[in-house]
Amino acid sequence: MSLDFTGQIVAVTGAATGFGRAIARRFAQHGARVFATDIDPTGLAETADHPNITQHVLDLTDRPAVGAWIAQVEHAAGASIGILVNNAGGVIGRTMQPIEDTPFGDWDAVLRINLDAGFTVTRAAVPGMKRAGRGRIINISSGAGLKASRTGVQAYTSAKHAVIGLTRQLAQELGPFGITVNAIAPGLFPVAPGPIAQWEGYGPEGQQRVLDGIALRRMGSADDIAKAALFFASDLADYVTGQVLPVNGGSS
Ligand SMILES: NC(=O)c1ccc[n+]([C@@H]2O[C@H](COP(=O)([O-])OP(=O)(O)OC[C@H]3O[C@@H](n4cnc5c(N)ncnc54)[C@H](O)[C@@H]3O)[C@@H](O)[C@H]2O)c1
């Protein structure tokens, strides 16, 4: 039983900010060799300010490029990926629009990064995990994967629910190969531009209402999500798969 990840190969998507950055840094601090990716080169470079973190700029909606990245990681590491964190996502600039006014392109774009990207990365990483006879896949869903979202963005809620479905299905499929698949469902964390804008949009009274609905009466930090990811990746979670862990300070 240990939180020492020395020698382990970790891949983290959406690592330029927020949760992804905290997750990459945590694993690196605990000794893992971390391969971090994002579409944002500036934020990613900041995250990679640790000797254990290797960065690669990538648009995760580019399927062939995703496959090439996973192959590159395995080649550079000389081993398969042991821990995969599918974190990239978000509302990518979209806000609530009535369904009849929502452009199909917005629906497609939000599903592509929140659902398809995780599927594509996992699809590419699983053969190596199967060869190794072990793997940990951690999907970042959302409170919006368990109930309607305050964002009102239909595609976001749909995608985050689907991430939980995919997590449960893959846990069944991959369990016989020694691979666990779990999801984290964060509440609202103003730790990246999208959620910061959402938080600021509430104004002081709206923010107070949100806080009053949180049992611990404070907002969480990105590191709270990183710690949950460490748990799922660690020996502590050896017998845990297909599960969803809400990390939200006890939100109602
Ligand atoms: N922060 C919150 O309140 C909150 C709550 C619940 C769930 N989440 C989820 O947690 C994850 C991380 O969110 P966050 O708030 O830390 O940051 P975020 O929402 O800003 O996005 C994470 C990263 O994904 C990257 N990304 C977007 N499109 C991409 C693409 N096509 N290719 C590669 N990378 C791309 C972004 O550049 C960004 O660095 C997301 O999946 C988000 O939906 C966040």
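Where is the place of Thr180? Thr180 sits in strand β6 (residues 179-186). The model shown in each view below is predicted.

View 1. Thr180 belongs to strand β6. Its relative accessibility is 9%, so Thr180 counts as buried, the cut-off being under 20%. The side chain of Thr180 makes a polar contact with the side chain of Arg136. The distance is 3.5 Å.

View 2. A nitrogen atom of the ligand lies 2.9 Å from a polar side-chain atom of Asp59. At Asn87 the backbone takes part: a polar backbone atom is 2.7 Å from an oxygen atom of the ligand. Gly90 also uses its backbone, with an N or O atom 3.1 Å from a ligand oxygen atom. On its own, the ligand has 810 Å² of accessible area, and the protein covers 90% of this.

**View 3. Salt bridge between Glu46 and Arg21.** The structure holds seven salt bridges. One of them pairs Glu46 with Arg21. Their closest N and O atoms are 3.5 Å apart. Glu46 lies in helix α2 (residues 41-47) and Arg21 in helix α1, so the bridge ties together parts 25 residues apart in sequence. Glu46 has a relative accessible area of 45% and is partly exposed. Arg21 has 16% and is buried.

**View 4. Salt bridge between Arg26 and Asp223.** The side chains of Arg26 and Asp223 meet in a salt bridge, at 2.8 Å from N to O. The pair links distant parts of the chain. Arg26 is in helix α1, while Asp223 is in helix α8, 197 residues apart. Asp223 is partly exposed, with a relative accessible area of 25%.

**View 5. Salt bridge between Asp106 and Arg94.** The side chains of Asp106 and Arg94 meet in a salt bridge, with N and O 3.2 Å apart. Asp106 lies in helix α4, and Arg94 in the loop between β4 (83-86) and α4. The pair therefore ties together parts that are twelve residues apart in sequence. Asp106 is buried at 18% relative accessible area. Arg94, at 24%, counts as partly exposed.

**View 6. A salt-bridge network.** Arg218, Asp224 and Lys227 are joined into one network. The link is made by salt bridges that share partners.

**View 7. A nonpolar patch on the surface.** Leu3, Phe231, Leu236 and Leu245 form the patch. Together they have about 290 Å² of accessible area. Leu236 lies in the loop between α8 (222-233) and β7 (244-247). Is Leu236 buried or partly exposed? Its relative accessibility is 42%, so Leu236 counts as partly exposed.

Notes: Residues are numbered from 1 along each chain as its sequence is written. This is a predicted model: local features need pLDDT of at least 70, side-chain atom pairs count only at pLDDT 80 or more; totals for chains, interfaces and linings use all residues. Side-chain values use heavy atoms; hydrogens and water are left out. A polar contact is a pair of N or O atoms within 3.5 Å; within protein, one must be able to donate a hydrogen and the other to accept it, and residues adjacent in sequence count only if both atoms are side-chain atoms. Accessible areas come from the Shrake-Rupley method with a 1.4 Å probe; for residues, only the protein chains shown count as cover. Patches are made of residues with over 30% relative accessible area and no salt bridge: like charges are joined within 9 Å, nonpolar side chains (Val, Leu, Ile, Met, Phe, Trp, Tyr) within 5 Å. A salt bridge is a side-chain nitrogen of Lys or Arg within 4 Å of a carboxyl oxygen of Asp or Glu. Helices (H or I, at least four residues) and strands (E, at least two) are DSSP runs, numbered from the N terminus. Buried means under 20% relative accessible area, exposed over 50%, partly exposed in between (1.4 Å probe, protein chains only).
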